[in-house]
Amino acid sequence: MHQLAIESLTARGFRNLEPLEISLGPGFNVFAGDNGQGKTNLLEAVYLLATSRSFRTGRLLELVAHGQEAAAVRAAVVEEGIRREQSVGLRRGLRAARIDGKRPASLAAYAVNTPVVAFHPGSVTLSTGSGAERRRVLDRIALYREPGVLGAVEAYAKALRSRQRVLEQRGEHSRDLDDWEDLLVRHGQALRAHREAAAAELGPAVEAAFLAIGPEGSELAVRYAPGGPAGEEAFRAALVRDRARDQARRSASVGPHRDDLVLELNARPVRGVASQGQHRAVVLALHLAEIDVVARARSVRPILLLDDVSSELDRGRTDALLRALSNRSGQVLLTTTRPELMEIGRLREGSRRDFRVIAGQIAVA
Amino acid sequence: MSPKVRRLVKLLARLPGVGEKTAQRYVLWLLTSEESLSRELGDELSRLRDELGPCERCGNVGEIHEGRALCDVCTDGKRDAKLLCVVARVHDLMAIERAGAMRGRYFVLGKLLSPLEGIGPEDLPLDRLVARIREDGVTEVIVATPPSVDGEATALLLKRELGPLGVAVSRIASGVPHGGDLEFADPITMGRALAGRQRL
């Protein structure tokens with residue numbers, strides 16, 4: 001397994017953060033501070049650096065500090081002993097990512113370069129919310145396994161929108177409906193195969209991670225639930241059958257856009273039965289499993305960003321999580337309001353670095 | 001800026017890939033460099049639409065004689081009239097011609113199916129295509145629409161619409177470029193190349 005770590009990080013014009021320059025350790029990096037000081041902003045900056053996106057918002061301009069024109073995050077990233085310089089800059093209408101000063105082929109290509117996994121209070125919707133976010137997890141994993149997935153995802157989405165538009169504007173007897181459905185079947189089948197393979201790897205890893213960090217006596221089962229029938233012919237037949245209905249409902253009834261990764265706690269659906277604490281444990285298990293699966297696919301352990309875990313989990317589960325992470329040997333950046341709960345120094349001597357975050361300033365503690 | 005200059009800048013800036021600044025550079029260049037350049041250009045431009053137009057048979061750029069436009073591919077007697085290549089745009093036709101490997105003739109659709117842009121089958125010149133196939137006794141149609149989602153849908157539509165005519169319909173292959181190292185192929189192209197592999 002290769003070692004992947006951010007060695008140093010600078011940020012300018014990013015939310016409330018003062019211009020910063022910090023060196024990170026290869027193991028645990030603990031950022032302590034009261035609420036509203038900028039801890040989450042720091043993790044968001046790292047996430048932006050790695051993916052050119054935010055885990056909080058789709059409107060990236062929010063990331064630019066008030067009164068500033070642009071935000072820029074830059075870092076030295078070391079993978080397998082080789083150092084590279086990465087940067088992401090944002091300004092109105094522009095998002096520029098660079099690796100060693102060069103433009104990546106695409107932002108998607110950029111995002112798989114430095115795998116990160118983020119756990120934050122908002123990610124609980126992965127367990128409580130609709131299938132859309134779980135599909136994204138599956139696609140992300142599929143993408144690490146095989147970069148060509150992106151083509152299938154995009155082509156399927158466009159064919160789906162096109163068929164819907166034909167249905168709504170030209171009706172179910174339009175001559176080209178068959179053609180769009182042919183394309184839906186072709187790309188949908190490819191997408192389904194990718195997701196099935198991703199789920200087959202992810203599922204057992206989630207179940208194992210939940211055993212390690214979840215509450216005693218509860219068991220999590222994970223399975224891929226396709227949003228349409230198996231096989232080309234059955235899928236095509238279902239599309240043809242549902243034309244009138246899809247036209248009326250204004251969306252297609254069957255297909256991979258309705259896939260889900262079903263989560264069951266002691267044989268009952270997590271949605272509805274789980275407590276807040278259980279949902280968080282489920283999401284953490286998903287993230288830990290994602291780390292393991294991506295690590296296997298890419299031979300490199302993703303960087304883990306943990307936002308405010310101590311408020312999310314109780315003492316016992318925080319300990320279990322940190323134990324599970326110590327065995328995984330990747331770089332971790334975590335924030336907390338209560339650094340005294342983070343007793344990880346014992347577990348991995350010398351691999352912990354402490355920082356204090358106060359009013360947007362970050363200092364070594 | 002003189003209103004005349006401003007007007008010319010505005011006109012030039014309507015060309016694809018030309019912004020106001022570039023347009024202004026062009027105007028100043030035309031004003032200050034050799035006089036013959038701007039005069040010749042002006043002459044050519046003013047005659048352009050009288051002398052050239054879309055070929056009435058295929059849609060390629062053709063010369064107008066006695067009110068009819070025909071392109072040099074359609075008037076080239078050495079071309080195989082039974083082989084017809086369907087492309088989306090004149091640019092694509094020119095790219096295929098540059099390769100010099102096409103011995104048949106062309107048909108330019110002008111657009112692709114694209115419900116998201118409001119383009120349906122009725123907006124494509126399918127009737128003209130069918131008439132052309134019948135007139136020339138075409139036996140094979142090569143569909144060379146781009147490998148995008150809209151291009152694929154258009155190819156499928158053509159296959160379905162032309163099938164009953166009894167012509168062979170084929171689709172150009174998609175894959176890695178010649179002479180390039182495989183390592184530079186993007187993942188989607190590589191995936192297509194693998195999916196479309198041929199038995200040795």
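Trainee: Which residues touch the most other members of the largest nonpolar core?

Mentor: In soluble globular proteins, nonpolar side chains tend to be buried together. In this predicted model, the largest nonpolar core has 50 residues, and A:Leu202, A:Val206, A:Leu220, A:Leu306, A:Leu321, A:Leu325 and A:Leu334 touch the most other members. Helix α10 of chain A, residues 276-298, gives the largest share of this core, 10 residues. Another core, of 40 residues, lies apart from it; among its members are A:Phe31, A:Ala71, A:Ile99 and A:Ile303.

Trainee: What does A:Val206 touch, leaving out residues up to four places away in sequence?

Mentor: With those left out, A:Val206 touches A:Leu220, A:Val222, A:Ala285, A:Leu286 and A:Ala289.

Trainee: Next, strands. In what order do the five strands of the open sheet in chain A stand?

Mentor: Strands of a sheet pair through backbone hydrogen bonds, either parallel or antiparallel. Here the order is β2-β1-β4-β5-β6 in chain A, with antiparallel pairing. From one strand to the next, the twist averages 15°.

Trainee: Which strands stand at the edges?

Mentor: β2 and β6 of chain A do; each has a single partner strand, so one side of each lacks a neighbour in the sheet. For β2(A), the pairing with β1(A) runs over four bridges, and A:Leu9 has A:Ile22 as its bridge partner. β5(A) and β6(A) make a hairpin with two residues between them, and A:Gly93 in the turn has a positive phi of about 75°.

Trainee: Which strands of chain A does helix α1 lie across?

Mentor: Helix α1, residues 39-51, lies across β1, β2, β4 and β5 of chain A, and runs at about 70° to β4(A).

Trainee: Is strand β3 of chain A enclosed or open?

Mentor: Five of the five residues of β3(A) are buried, so the strand is largely enclosed by the rest of the structure. In a regular strand the side chains alternate between the two faces of the sheet. In β3(A), A:Phe28, A:Val30 and A:Ala32 point one way, while A:Asn29 and A:Phe31 point the other way.

Trainee: Which strand pairs with β3(A) in the parallel sense over five bridges?

Mentor: β12(A) does, and A:Phe28 has A:Val332 as its bridge partner there. β13(A) also runs parallel to β3(A), joined by five bridges; A:Ala32 stands opposite A:Arg356 in that strand.

Trainee: What separates A:Arg192 and A:Glu196 in helix α6 of chain A?

Mentor: About one helical turn, because they are four residues apart in that helix. Their closest N and O atoms are 3.5 Å apart. A:Arg192 counts as buried, at 12% relative accessibility, whereas A:Glu196 counts as partly exposed at 38%.

Trainee: Which residue of chain B is linked in the network of salt bridges?

Mentor: B:Arg160 is linked there with residues of chain A, including A:Arg163, A:Asp178, A:Glu232 and A:Arg243.

Key:
Residues numbered from 1 in each chain as written. Chains lettered and ligands numbered in written order. Predicted model: local features only at pLDDT ≥ 70, side-chain atom pairs only at ≥ 80, totals over all residues. Heavy atoms only, no water. Buried < 20%, exposed > 50% of the residue type's maximum accessible area, 1.4 Å probe, protein only. Pairing = 2+ DSSP bridges. Core = buried A, V, L, I, M, F, W, Y, C linked by side-chain atoms within 4.5 Å. Contact = heavy atoms within 4.5 Å. Axes fitted to C-alpha atoms, helices over the stretch in contact; angles between N-to-C directions. Salt bridge = Lys/Arg side-chain N within 4 Å of Asp/Glu carboxyl O.
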